[in-house]
Amino acid sequence: MLHKEFWGLLFLSLVVWIFIAGTPDKRIENACRPVGWAGNVVTSLSALVIPSQQQTTQVWFNKIEYGCRYLTWRLFYQDAYNAWVKDQSIAPATRVAPDMVAKPLAPEPLAASK
């Protein structure tokens, strides 16, 4: 019976830790951080048992963590973003503005030879 209370308190601590964050991006980061921790554990075990699979395991868990962040953003913040864009009367950014593109630097003129 004690293990139920332990896991319940651990879960409540996670929820409080998520919502105590001040900004939405920090909340998303805190919500998905356990996925990263699990990825580190599994990658370390993979490196210990099957070293050739370490890189594959790390890439797989990186994708899972990104998926967690994306899903969380879509689930909780997509509607607010869409409303903000509509209120601003602007289209969502789909292209890079021409003035945002990095321009190549012009070569400096060579110093006159003496």
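Me: How many helices and strands are there in the chain?

Reply: The chain has 4 helices and 0 strands, where helices (H or I, at least four residues) and strands (E, at least two) are DSSP runs numbered from the N terminus. This is a predicted model, in which local features need pLDDT of at least 70, side-chain atom pairs count only at pLDDT 80 or more, and totals for chains, interfaces and linings use all residues. Residues are numbered from 1 along each chain as its sequence is written, and side-chain values use heavy atoms, with hydrogens and water left out.

Me: What pattern does the chain follow along the sequence?

Reply: The pattern is α-α-α-α.

Me: And what share of the residues count as buried?

Reply: Of the 114 residues, 14% count as buried, meaning under 20% relative accessible area with a 1.4 Å probe and protein chains only.

Me: New topic: which residues form the nonpolar patch on the surface?

Reply: Val41, Val42, Leu45, Leu48, Val49 and Ile50 form this patch. Together they have about 570 Å² of accessible area, computed by the Shrake-Rupley method with a 1.4 Å probe, only the protein chains shown counting as cover.

Me: Where is Val41 found?

Reply: Val41 lies in helix H2.

Methods:
Patches are made of residues with over 30% relative accessible area and no salt bridge: like charges are joined within 9 Å, nonpolar side chains (Val, Leu, Ile, Met, Phe, Trp, Tyr) within 5 Å. A salt bridge is a side-chain nitrogen of Lys or Arg within 4 Å of a carboxyl oxygen of Asp or Glu. Buried means under 20% relative accessible area, exposed over 50%, partly exposed in between (1.4 Å probe, protein chains only).
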